[in-house]
Amino acid sequence: MQLVIVESPAKAKTIEKYLGSDYRVLASYGHVRDLPPKDGSVNPDDGFSMEWENYADKAKQLKAIADEAKKADRLILATDPDREGEAISWHVQEVLRARKALPKDVQRVTFNAITKPAVTAAMQAPRELDEDLIDAYRARRALDYLVGFTLSPVLWRKLPGAKSAGRVQSVALRLIVEREREIERFVAQEYWSVAAQMEHDGTPFVARLVTWNGDKLDRLSIGDQASAMRAKADVEAGRFSVQSVETKPATRNPPPPFTTSTLQQEAARKLGFSASHTMRIAQGLYEDGAITYMRTDGVQMDGSAISAARLAVANRYDASYVPDKPRQYQTKAKNAQEAHEAIRPTDFGKDRVGGGDHARLYDLIWKRALASQMASARMERTTVELSEGTGRHVLRATGQVVLFPGYLALYEEGQDEESEEARRLPRLREGDAPAKKAVDAEQHFTQPPPRFSEASLVKRMEELGIGRPSTYASIIQTLKDRAYVRIEKNRFFAEESGRLVTAFLERFFERYVGYDYTAELEEELDDVSGGRAQWQSVLEAFWRDFKPRTAEVMEQKPSEVTAALDQFLAPYLFPDKADGSDPRLCPNCGEGKLALRGGRFGAFIACSNYPECKYTRRFAQGGSEAGADTGPEALGKDPETGLEVERKSGRFGPYIQLGEGKDAKRASIPKDIGELDLEMALKLLSLPRTVGQHPETGADITASIGRYGPYLAHNGKYARLQSTAEVFETGMNAAVVKLAEAAAGGGRPQRGAARAPLKELGKHPRTELELKLMEGRYGAYVTDGTTNATLPKSVTPDELTLEEAASLIDARAAAAPAKGKKKPGAKKAPAKKAAGAKAPAKAAAKKPAAKKTAAKKE
């Protein structure tokens with residue numbers, strides 16, 4: 001028997017169909033072990049030796065693999081064809097060696113697509129594990145561990161509120177923070193454009209003013225409304241005719257097939273997918289055998305795939321759309337090192353696979369790969385200049401005409417904005433005098449550089465050579481999880497914590513968040529994978545400088561770190577004022593100096609006259625005074641207790657407080673109440689409000705404001721309210737209705753209620769059981785009442801046929817016992833009686849467990 005190991009059960013299931021009965025295919029479910037998250041997992045003093053630990057949740061799978069390996073004549077490691085795949089194979093081999101379950105014959109096979117020809121061909125060409133790739137994996141893993149477990153403790157102790165730092169994560173965060181700084185420093189500049197709406201032979205077009213009073217204009221030449229109105233009047237008064245027509249032929253070549261990063265960029269641009277979602281969907285398509293491996297830097301395609309693509313183009317269009325020679329592409333990405341094919345369909349004859357997001361992503365991949373082997377688009381770019389009689393004012397119109405669409409008939413890369421060249425122009429000749437319909441003068445302002453989207457961030461990281469494309473999705477996800485960034489309208493905004501961490505690293509660890517240094521380190525790791533460098537030497541060179549630097553920063557007092565950051569961030573926190581006054585002068589007391597301070601929940605700006613002056617503002621406000629806190633604001637006294645009611649600001653925003661000390665009562669201030677006065681403050685402090693007794697149970701119905709907003713409560717059941725006003729205004733009848741509606745789930749079926757089938761497919765052709773398509777918690781599945789089978793990701797529920805459903809049920813029934821039926825276990829032999837022992841008439845009471853002896857502390 002030959003044992004094959006892959007990563008995922010879906011991949012295992014597909015491959016087992018292609019191999020004979022002599023093969024057993026098991027999944028490792030990804031990595032099986034890692035460096036334990038504790039000090040000492042990597043020992044720099046012992047040649048960077050590593051202590052690996054098996055994942056606890058993989059114990060069952062590792063046992064199954066070991067049990068099968070003991071019976072196998074040959075072990076075939078068939079994990080993904082990249083550095084991570086090589087590492088997984090190595091880990092599985094080492095675990096089996098430790099358990100003395102490793103067969104004598106161990107071989108490695110790789111394939112770029114999960115198709116029968118690719119898998120069977122790979123089985124005929126086994127190789128040894130690639131030690132260089134494994135060394136590169138170990139170097140990268142050790143490097144990330146050493147940075148994280150050395151630098152993060154420095155952050156925790158010296159920068160309250162910071163969560164973690166990472167070798168690539170921190171550099172990616174720096175890109176986002178620096179863009180935020182650029183936007184804040186940007187000063188908008190006013191400018192105006194003047195354009196005429198023209199028409200010729202029934203075709204409208206736009207001509208911009210490019211020369212005015214004999215002077216050539218650039219974008220910012222007309223800088224005020226008065227000048228714009230004069231220019232507009234001159235254009236309106238002039239009679240313009242065509243002075244010159246310049247036509248140039250142009251060619252547009254198709255882009256290469258997708259790599260990991262270009263797929264992430266285009267999926268974000270065209271489909272609105274996040275990088276992590278794109279990779280999840282692509283993984284499903286790969287495991288279903290629809291596309292080639294989706295983690296790659298390569299842009300080339302296999303010769304047979306190129307031939308298949310050219311044939312598909314000829315079948316879909318005509319011979320003119322097929323170039324004379326097959327197109328060959330070479331990657332331009334910095335540090336590209338994967339020698340794999342680009343991402344392409346495994347069968348160009350299939351223009352549609354699966355449904356939903358799987359179908360949309362496959363369509364994008366199929367069109368891009370097919371278009372890469374199509375003819376170039378031919379077009380004609382035209383520039384027309386129109387002049388009035390004196391020649392002092394000139395208008396210009398540009399446009400293009402597509403003479404032959406070529407690959408554009410199928411696919412065009414996404415663009416953020418339409419270019420002027422893409423506009424259509426009428427056929428114009430010298431001397432023509434198009435009709436002038438209107439003249440417009442529009443005000444504009446220069447725009448700051450745009451915040452990064454996932455697509456543009458991935459593109460920038462790839463350009464700089466930072467990280468690997470296969471890791472971009474996880475890096476971006478980490479930044480979100482750490483709350484260093486937030487996403488609004490698909491754009492990254494740097495959070496306060498992210499800005500502070502970046503400032504700290506720039507000030508104390510500038511080299512290690514440098515773009516060039518990080519890219520150079522990536523090149524060294526690639527040298528390891530190519531056998532050109534020794535992995536321990538790379539780590540030694542890094543550790544030699546990094547360890548002393550972290551020790552040096554760790555010795556500094558938190559106050560010293562804060563003072564250094566205060567000076568480093570001064571241009572941002574205390575920008576120069578227009579009137580020349582001291583930007584650090586406290587605007588509240590007019591005497592104290594503002595400075596950066598460190599607190600339990602992060603950094604903030606405070607006055608040096610504290611506690612007499614309680615002025616503070618958040619770090620993220622920079623030099624803005626908006627929203628600054630000048631200390632508690634007295635609203636008045638509670639008529640019942642005579643205690644002061646104050647408005648304060650805390651970690652989670654503004655709140656009101658009645659009294660002082662442990663007995664003080666507090667309430668958050670909702671955003672929808674408008675102006676806060678004493679009356680509203682007392683109302684908020686009085687919550688929860690009793691609406692009355694429920695007519696059926698007699699229990700109280702209360703209204704209050706919680707973590708997720710205003711709500712009603714009754715006997716442990718809740719109903720949402722729409723506004724703070726409803727908390728004080730909702731009466732008994734309305735409350736009973738809202739609670740009843742909430743209990744009914746707004747018309748949704750209750751948990752546990754029987755669900756109607758999405759589709760009744762008919763009787764199983766072999767068992768005669770009724771097959772139904774159902775909607776489950778984890779997606780659509782088919783059932784015959786006994787066996788349930790999940791639909792593969794690439795199968796569209798609406799298009800599922802009876803035979804396909806029957807095959808899924810048969811495969812599921814063959815793979816495991818039917819749901820609800822357990823295989824009878826072997827009966828336990830009765831315990832032998834001790835000599836002379838009597839059988840008790842009744843079960844004896846359980847003996848209390850003996851107390852464990854406490855371990856001695858050493």
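**A tour of aromatic pairs and a charged patch**

Y321 is buried, and F404 is buried as well. Please select these two residues to begin; the model on the screen is a predicted one. Y321 and F404 form a tilted aromatic pair, with 4.8 Å from centre to centre and 50° between the planes. This pair links distant parts of the chain: Y321 belongs to the loop between α10 (303-316) and α11 (356-371), whereas F404 belongs to strand β14 (residues 394-404). The two residues are 83 residues apart.

Next, consider the aromatic pairs of the whole structure, of which a search finds 15. W52 and Y137 are both buried.

Now select F504, F508, F509, Y512, Y517, F542, W543 and F546. Ring pairs join these residues into a cluster.

For the last stop, turn to the surface and select D22, D73, D105, E128, E131 and D132. These residues gather there in a patch of negative charge. Is E128 buried or exposed? E128 counts as exposed because its relative accessibility is 58%, and the cut-off for an exposed residue is over 50%.

Key
Residues numbered from 1 in each chain as written. Predicted model: local features only at pLDDT ≥ 70, side-chain atom pairs only at ≥ 80, totals over all residues. Heavy atoms only, no water. Patch = residues over 30% accessible without salt bridge, like charges linked within 9 Å, V, L, I, M, F, W, Y side chains within 5 Å. Areas by Shrake-Rupley, 256 points an atom, 1.4 Å probe, with all protein chains shown as cover. Salt bridge = Lys/Arg side-chain N within 4 Å of Asp/Glu carboxyl O. Lys, Arg positive; Asp, Glu negative; His and termini not counted. Charge placed at Lys NZ, Arg CZ, Asp CG, Glu CD. Buried < 20%, exposed > 50% of the residue type's maximum accessible area, 1.4 Å probe, protein only. Phe/Tyr/Trp six-rings, centres within 6.5 Å; stacked < 30°, edge-to-face > 60°. Helix = DSSP H or I, 4+ residues; strand = E, 2+ residues; numbered from the N terminus.
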